[in-house]
Amino acid sequence: MPQKYAAGNWKMNGLVSDLTEVLEIDKGVAGLSCKTIICLPATLIYAADGDPRQHVEIGGQCCHSAPSGAHTGDVSAEMLFEAGATYVIVGHSERRADHGETDSDVRAQVGAAWRAGLVAILCIGETLEQREAGETLSVLMGQLDGSLPEGVTPEALIVAYEPVWAIGTGKVATPEQVAEVHDALREKLGPEISLLYGGSVKAANAAELFALTNVDGALVGGASLKAADFVPIVKALSDS
Ligand code: PEP
């Protein structure tokens, strides 16, 4: 059975004073059967590492492919690991859109994550135009082919299906749309890789998504910032 994960993505939100929410989440998820990850802005990872957490694991949100060098403003996978991260998101559609990251960039970043000992949370997703043109599955399979290095293992890779049109928009993919994609991903990636859905997941829609056979959890943006919103999502996953 694939591992179940509830992963939060804080994006460019949060100051050190907001790390109290991570501690609240940590308390709220005690005893639950799934893993909980919060992917913090790079500036907060080291500070969070010093906090007395017992359940929540910490991730970064992107990494450069090189271990060090003349890349002003970038962060390497080794730096994230040293600061206390054990996971890193790669290929998020906001990175692809804002920073022009391509599948081959993402492939190099997955390799960098593995080199540094991080689990890569690889995001893939289609735009609304691609869905309306009937290209969803071919786009997603192309992203996987282009961004996965050799040597994939369930211990080192999590895949998050995040339709671009559902991220931060309040529009959630229907259970039928999610099932179609996740069943195809399962077929391609085998029985062990964890497959997360992401895109406007909230407590109100989480249980319906987690009931789907090949949904092993969620990558959650806005609703991961507050324990009061995120813990009920983690509970829904644990109960599924
Ligand atoms: C995300 O950032 O990966 C995401 C899914 O955001 P939201 O939950 O806010 O749609």
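Colleague: Which residues are closest to the ligand, and how many surround it?
Modeller: The ligand has 14 residues around it, and the closest are Lys11, Glu162, Gly168, Ser200 and Gly221. Bear in mind that this is a predicted model.

Colleague: How does that shell divide into nonpolar, polar and charged residues?
Modeller: Eight residues of the shell are polar, four are nonpolar and two are charged.

Colleague: What does the side chain of Glu162 do at the ligand?
Modeller: An N or O atom in the Glu162 side chain lies 2.7 Å from an oxygen atom of the ligand.

Colleague: And Asn9, how far is a polar side-chain atom of that one from a ligand oxygen?
Modeller: For Asn9 the distance is 3.2 Å.

Colleague: Which part of Gly168 is involved, backbone or side chain?
Modeller: The backbone: a polar backbone atom of Gly168 is 2.6 Å from an oxygen atom of the ligand.

Colleague: How much of the ligand does the protein bury?
Modeller: The protein buries 95% of the 300 Å² that the ligand exposes when taken alone.

Colleague: New topic. How many salt bridges does the count come to?
Modeller: Nine salt bridges. In general, side chains of opposite charge can pair when their charged atoms come close.

Colleague: Start with Glu24. What is its partner in a salt bridge?
Modeller: Lys27 is the partner, at 3.0 Å from N to O. Both residues sit in helix H1, which covers residues 19-28, and they are three residues apart, about one turn of the helix.

Colleague: What about Lys188, which residue does its side chain meet?
Modeller: The Lys188 side chain meets Asp145 in a salt bridge of 2.8 Å, N to O. Lys188 is in helix H8 (residues 175-189) and Asp145 in helix H7 (residues 136-147), so this pair ties together parts that are 43 residues apart in sequence. Lys188 is partly exposed, with 40% relative accessibility, and Asp145 is exposed, with 51%.

Colleague: Then Arg186. Where is its partner Asp216 in the chain?
Modeller: Asp216 and Arg186 form a salt bridge at 2.8 Å, N to O. Asp216 is in the loop between helix H9 (203-210) and strand E8 (217-220), whereas Arg186 belongs to helix H8; the two are 30 residues apart, and the pair links distant parts of the chain.

Colleague: Is that pair buried or exposed?
Modeller: Asp216 has a relative accessible area of 6%, so it counts as buried. Arg186 is buried as well, at 12% relative accessibility, because the cut-off for buried is under 20%.

Methods: Residues are numbered from 1 along each chain as its sequence is written. This is a predicted model: local features need pLDDT of at least 70, side-chain atom pairs count only at pLDDT 80 or more; totals for chains, interfaces and linings use all residues. Side-chain values use heavy atoms; hydrogens and water are left out. A residue is near a molecule or strand if one of its heavy atoms lies within 4 Å of it. A polar contact is a pair of N or O atoms within 3.5 Å; within protein, one must be able to donate a hydrogen and the other to accept it, and residues adjacent in sequence count only if both atoms are side-chain atoms. Accessible areas come from the Shrake-Rupley method with a 1.4 Å probe; for residues, only the protein chains shown count as cover. Ala, Val, Leu, Ile, Met, Phe, Trp, Tyr, Cys and Pro count as nonpolar, Asp, Glu, Lys and Arg as charged, and the others, Gly among them, as polar. A salt bridge is a side-chain nitrogen of Lys or Arg within 4 Å of a carboxyl oxygen of Asp or Glu. Helices (H or I, at least four residues) and strands (E, at least two) are DSSP runs, numbered from the N terminus. Buried means under 20% relative accessible area, exposed over 50%, partly exposed in between (1.4 Å probe, protein chains only).
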